[in-house]
Amino acid sequence: MTNLMMAQGIDFFRGKRQILRAAGMDLCEGELVALVGPNSSGKSTLLKVLAGLLQPAAGEVMLCGEPQQMLDRFRRAELLSYLPQETQLYWDYTLEDLFEMTSNSSGLLAGWPGSARKVPPELSEEFDLAPLSGRVLNRLSGGERARALLAAAVARRPSILLADEPLASLDIAHQLGLMRLLRQFKQRCASVVVMHDLNLAARFADRIVVMEAGRTLLTGPTAEVMNSPRLDDVFGVAFVRSRASDGTISVRAMESDSRDR
């Protein structure tokens, strides 16, 4: 598989506090990679470094074989889209406004200059956007807004999508729906998705990258990572594992864990 993104040796400081420590990961064509870890482990910061929104103190990020630091914002926006964790908008944008904005600036979703006020018909069908036409995004449900933002993020056909907790505040039905869309699009747009639900990661991701204290501690095929005892150590709980008929591994934390004593 073609390597679309590779980051290695990433250090990042916020003031004197080191947030990332020699962190790294890669992404290949056709992959959906889940980036998981405890709170404050550096997931969102790493994603922003990968997107070019933060400059690391050390390390290198390659995008489609090109050094990220050598790319201008237009070339970077051509290669990737970044879907931020915060999706609340501060003006009354409609769905059509969103598509125009993301195609005419490098703003909300690192868009590409052009003109695309009209929602592409194929995206409207795939993301079921017709019922949202003309509606103000901030008045949509969480699931509807997430669907609209994801559609805008892939509208320019980037090679890479970086999504920071797109499942936050969604109920389980909308979480499943959004993950199905991400999996459906992975052949056209490989994705790195920051998420907290290990079982959803196991069900939909091809690989899992586990972070702890600013480091990428564990990475590998989904089943391998889910079976690793190091996963228990990272999250500080003892997991009970079960395997479904399709081979998917799920975990649940034991109610009583000797590490709590």
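Select Glu 31 first: leaving aside its neighbours within four places in sequence, Glu 31 is in contact (heavy atoms within 4.5 Å) with Met 1, Lys 186, Ala 190, Ser 191, Asp 206 and Arg 207. This is a predicted model, in which local features need pLDDT of at least 70 and side-chain atom pairs count only at pLDDT 80 or more, while totals for chains, interfaces and linings use all residues. Residues are numbered from 1 along each chain as its sequence is written, and side-chain values use heavy atoms, with hydrogens and water left out.

Glu 31 sits in the loop between strand E2 (17-28) and strand E3 (32-36); strands are DSSP runs of E, at least two residues, and helices are runs of H or I, at least four residues, numbered from the N terminus. Glu 31 counts as buried because its relative accessibility is 6%, where buried means under 20% relative accessible area, exposed over 50% and partly exposed in between, with a 1.4 Å probe and protein chains only.

Now select helix H1, residues 43-51. Seven of its nine residues are buried, among them Leu 46, Leu 47, Val 49 and Leu 50. Step on to Gly 52, which follows H1 and has a positive phi, near 85°.

Finally, show the whole chain. The chain has nine helices and twelve strands, and 49% of its 261 residues are buried.
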